[in-house]
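Thanks for coming, everyone. I'll keep this brief.

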Amino acid sequence: MSLLDIRNLSLSITGTLILQDVSLTLEAGEVVAVTGESGSGKSMTALAVMQLLPSGAEATGRITLDGHDLLMLDEATLCTLRGDLVGMVFQEPMTALNPVQTIGAQVSETVRLHRPDLDSLKRARDVLDRVGLQAIPLTRYPHELSGGQRQRVVIAIAIACGPKLLIADEPTTALDVTTQAQILDLLKQLAAEDGMGLLMITHDLAVVAEIADRITVMRGGKVVEAGDTPALLAAPKHPYTQALLAASNHRVDLPDSNKDTPLLQVKNVVRDYTLPRTRLFAPAGTHRAVDHVSFDIRRGERVGLVGESGCGKSTLTRAILGLEPVQGGSITLDGTPVTDSSVRRKMQVVFQDPYGSFNPRHLVARLISEPFHLLDTPPKDRDARIAAALNDVGLSPEDAQKYPHQFSGGQRQRLAIARALIIRPELVIFDEAVSALDVSVRAQILDLIADLCRQYDLTYLFISHDLSVVRTITDRVMVMQRGRIVEQGETEAVFGAAQHPYTRQLIDAAPTLPEAIT
Amino acid sequence: MLRYTFKRLLSLIVSLAIASLVIFAVIEVAPGDPASFMLGINAAEDTLAALRAELGLDQPKWQRYLAWVGGMMQGDFGTSYQYRTPVSEMIADRLWVSLPLALYALTLSTLIAFPAGIYAASRRGKAGDVSVMGATQIGVAIPNFWFAMILVLIFAINLRWFSAGGFTGWDEGVWAAMKSLTLPAIALALPQAAILARVMRSALLDVLDEDFMRTARAKGLSRAQALRRHGLRNAMIPVLTILGLQFSFLLAGGIIIEQVFYLPGLGRLIFQSISARDLIVVESVTMLLVFAVITVNFLVDLAYAAVDPRLRART
Amino acid sequence: MNRTLIIGGILSALMLVAALASFVWTPFDHSAMNIPERLQTPNGTHWFGTDHFGRDLFSMIMVGARTSIAVACVAVGIGIGLGVPLGLWAAARQGGWVDEVIMRGNDLIFAFPSLVIAILITAIFGAGAINAIIAIGIFNIPVFARVTRGGALPLWAREFILAARVAGKGAARISVEHILPNIANLLIVQATIQFSLGILAEAALSYVGLGAQPPTPSWGRMLADAQTLVSIAPHMALVPGFAIILTVLGLNLLGDGLRDALDPKLRVTRV
């Protein structure tokens with residue numbers, strides 16, 4: 001009998017069907033991944049096993065965990081199982097811990113609850129040591145730890161009582177790629193050492209390929225396909241799985257371009273932030289977010305900028321856009337400083353969040369024509385240009401009379417691109433422009449960018465933390481670490497034979513799908 | 001923690017300094033000359049001048065401001081124009097009515113509001129929640145001085161459980177004094193309790209949506225345990241803010257309630273002094289109330305830090 | 001439509017109608033004394049009874065609604081007119097000295113017990129509706145400044161504001177064009193709450209004789225008149241009391257209903 005056996009699980013929340021006939025099994029010591037895009041129901045499956053569903057949820061079917069029929073148990077019994085027989089790790093380590101309690105108190109609480117006979121603090125220490133936090137005292141508060149360390153604490157809470165099943169819901173999605181690799185290793189190691197079952201929920205097929213013995217692919221609340229990882233990745237049967245794999249490994253066809261004159265010149269740029277004073281009368285310290293950065297972007301060039309969170313890439317982006325003052329060096333476009341208002345019309349930007357980048361109260365026509373504000377005289381053929389811009393990004397001119405909430409995430413990103421291109425800027429900045437999108441939508445947007453390159457000879461700076469995306473969409477790439485650009489060169493050359501140890505570390509840490517497929 | 005306290009203390013001093021300046025300025029621009037008010041309109045000019053000199057009114061404004069502030073720091077609040085007695089003595093007597101009243105009301109308000117708010121939050125959306133929230137909705141709408149009149153009508157006039165007004169004084173024994181403050185305290189406390197219960201409930205509901213509450217549930221804590229062990233302390237931050245504001249409101253609200261119950265507190269003192277144009281008393285009582293409010297806010301800031309370790313570390 | 005919104009709307013509308021109707025019609029002249037008919041309990045002729053001068057309470061309530069609305073309205077207007085621009089300005093200069101000065105100034109006003117200062121202002125500059133309005137209005141400024149700033153700050157971090165900045169728009173223009181429409185809901189809800197607080201404050205000031213002066217009728221003064229007679233004519237206290245409670249309740253329900261209807265996640269300051 002399997003450790004976890006989900007049979008024909010259907011779930012509706014206040015009448016809306018969320019899961020339909022989901023079945024999956026997991027053996028002790030096995031890692032099973034549930035994957036799919038947003039709305040596939042993968043997280044709800046995990047919460048159903050925990051029986052921590054939102055109110056108004058009704059489940060039918062059967063979930064058996066180590067002989068317990070979970071859907072039949074009362075809340076009090078479930079409380080004795082949660083944390084003891086099954087532990088859970090969540091996506092967002094920054095908010096998953098109680099900010100006003102020490103980590104020691106939070107880890108030991110699980111022990112006190114289920115193993116009152118044990119010395120809970122000693123156990124907490126042992127568990128924290130196991131997850132790699134030997135150097136962190138029990139008396140620390142969550143805000144004193146980094147994201148990766150907090151995720152280790154969350155894992156420690158989940159495994160403190162030695163559960164037979166560990167559920168991890170997107171445990172590395174909020175983390176940087178090098179931290180992600182460490183956390184994945186830790187989870188794999190813990191599962192192997194304890195013979196624990198690991199149910200891993202993730203949207204990232206590369207992560208799945210790295211960690212899972214078996215995969216269940218979900219879409220729209222249903223299981224689409226399930227099987228052993230190597231077999232399923234090598235020969236997916238269902239068209240959706242095939243499409244998902246293709247999209248995950250998507251390579252765009254970037255046209256060649258003439259890269260002649262320099263367009264953007266960044267010279268020795270320094271950006272310091274003043275830190276809060278640590279002593280009342282001591283001079284305030286500074287944090288150097290951007291440290292003597294220099295590079296050129298030539299006309300027609302497509303440049304990538306990669307780095308982990310906090311490396312200074314966002315600050316640099318804002319400085320290039322003229323939104324942030326710099327303390328040293330210069331940024332010029334066609335020889336004019338970017339802080340000059342005449343330069344603004346030559347530069348536009350596409351942001352990450354397809355939901356946050358539009359004023360929800362304005363019509364699309366007004367939203368995407370906002371950059372016309374930069375022109376001395378508003379164009380007479382405004383409506384025609386709006387229609388043309390919408391056509392360019394694969395939307396229809398009628399969409400101009402809609403509100404942003406009537407579009408999906410991918411369509412909004414198309415709108416953002418339309419807005420950026422409507423005044424034909426000389427330089428476009430894509431700031432994590434595809435990071436918030438599902439893989440299939442991401443592939444479409446990348447294709448769109450390549451198409452637009454063909455049509456308009458775009459010059460752009462593409463900022464991303466995702467190496468595989470940057471690899472396909474740029475000619476040249478720069479790697480940023482702690483405010484400095486540590487390596488730059490032709491994209492293929494850098495990815496093929498990285499010179500700087502940090503670049504190699506990034507490339508090694510990034511999970512990849514086996515090359516053979518698609 | 002020390003630095004945090006020091007910083008708060010600094011801001012407390014700055015606030016007090018600015019507040020004293022504002023109060024002084026408002027009193028300065030008040031129309032009318034205290035001396036002629038005290039002596040009547042027919043007073044001779046040299047008598048007026050003599051009185052002004054006696055009261056120190058002939059000195060430059062900044063000197064009088066400094067003398068006033070300096071005096072207050074040593075517990076000297078000046079001399080009443082009307083009664084020619086030290087203001088500090090007048091205030092001290094009245095304070096023994098107003099302060100116990102405010103604290104009594106604050107205690108009542110907290111004792112009612114906390115359980116009500118926690119109960120409503122734990123029964124979110126159910127009948128218990130709806131009825132508690134309905135009651136608070138009405139409680140918030142009731143003017144406390146009207147409520148005081150109704151309490152008098154029912155408990156003093158009809159049932160004769162309490163006296164309709166007046167204060168026995170602490171000499172008659174704590175019990176008798178507390179009894180004469182009971183109706184005023186209830187009148188003050190109930191509308192405030194309604195507000196506090198609403199804040200308590202919504203703060204708890206906000207916390208219930210936090211990710212760490214899910215972590216707590218995943219550990220095996222029951223809903224009630226998670227609320228008690230992880231929810232309450234996090235919900236205390238907005239609740240503390242309101243508690244601090246309520247204290248100042250209760251001190252001030254007492255001024256009106258004292259009118260209803262004929263209590264010899266700071267409120268009556270301020271009204272009598274205003275009608276007698278005894279501005280030095282008005283000035284000092286106002287400053288005292290502001291001082292109380294700013295000090296309570298300071299204590300609330302310290303309480304934040306006790307509750308939230310992030311504040312202890314930052315700034 | 002939710003029930004809170006409907007009940008709140010009806011109660012608030014009722015008071016507005018009573019106030020407006022009083023300009024053209026009241027059952028009796030609200031100031032006409034009629035000693036023989038004094039202290040009547042509610043009856044067919046005098047629906048809410050009469051006071052110790054034989055004045056018709058129903059008429060007085062209608063005309064009193066006018067005073068309450070006028071005072072609360074202007075006081076909220078002062079709060080919005082000064083507080084919202086200050087809040088927008090502070091948010092646009094987040095962390096700068098302008099922000100610091102505005103927010104410290106706010107804290108300072110909050111440090112004053114509002115009723116005490118209102119009493120001080122009306123006492124020193126003379127009792128009357130105008131001074132009551134100013135006294136109540138001053139304390140609305142920091143409330144709206146804080147709510148505006150609180151609503152505007154997260155918006156400034158949103159990408160559509162960055163996009164507008166990239167499109168070359170200045171802070172003032174962005175505040176009016178992008179920020180203000182997106183916090184309008186928040187302000188509307190806060191305004192109904194401040195309106196109800198204004199009515200309570202006006203009643204309190206009138207009760208202690210510092211609000212609207214005779215012959216302007218006001219609910220607070222009606223309560224002051226009732227106080228000495230409460231044992232023999234309780235209706236004199238009950239009638240204006242219920243008028244205040246129902247109006248404030250109506251406005252609060254309206255605010256809550258609007259909040260739920262406009263945006264379930266809206267946060268307002270309620271003190």
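Start where chain C meets chain B. This is a predicted model. Across that interface, 4 residue pairs are in polar contact, both partners at pLDDT 80 or more.

Which helices of chain C each supply at least two residues to the side that touches chain B? They are helix 3 (97–111), helix 4 (114–125), helix 7 (171–207), helix 8 (219–227) and helix 9 (235–262). Helix 9 gives the most, with 11 residues. Now sort that side of chain C by class. We get 32 nonpolar, 4 polar and 3 charged residues.

Next, salt bridges. The count between chain C and chain B is 1. Its partners are the side chains of B:R198 and C:D256, at 3.1 Å, N to O.

Now the extent of the interface. On chain C, 39 residues are in contact with 47 residues of chain B. The area buried between the two chains is about 3,700 Å². Carbon and sulfur atoms give 81% of that area. Three names to note here: C:L120, C:I124 and C:I245. Together they supply 15% of the area that chain C buries against chain B, more than any other three residues.

Last stop, chain A. Find A:V470, in helix 16 (residues 467–473). Is A:V470 buried or exposed? Buried, because its relative accessibility is 0%, and the cut-off for buried is under 20%. What does A:V470 touch, leaving out residues up to four places away in sequence? A:G304, A:V306, A:F462, A:S464, A:V477 and A:T491. Take A:V306 from that list. A:V306 and A:V470 are 164 residues apart in sequence, yet 7.7 Å apart in space, C-alpha to C-alpha.

How values were computed. Residues are numbered from 1 along each chain as its sequence is written. Chains are lettered from A and ligands numbered from 1 in the order in which they are written. This is a predicted model: local features need pLDDT of at least 70, side-chain atom pairs count only at pLDDT 80 or more; totals for chains, interfaces and linings use all residues. Side-chain values use heavy atoms; hydrogens and water are left out. Contact means heavy atoms within 4.5 Å. Buried area is the accessible area (1.4 Å probe) that two parts lose on being put together, summed over both. A salt bridge is a side-chain nitrogen of Lys or Arg within 4 Å of a carboxyl oxygen of Asp or Glu. A polar contact is a pair of N or O atoms within 3.5 Å; within protein, one must be able to donate a hydrogen and the other to accept it, and residues adjacent in sequence count only if both atoms are side-chain atoms. Helices (H or I, at least four residues) and strands (E, at least two) are DSSP runs, numbered from the N terminus. Ala, Val, Leu, Ile, Met, Phe, Trp, Tyr, Cys and Pro count as nonpolar, Asp, Glu, Lys and Arg as charged, and the others, Gly among them, as polar. Buried means under 20% relative accessible area, exposed over 50%, partly exposed in between (1.4 Å probe, protein chains only).
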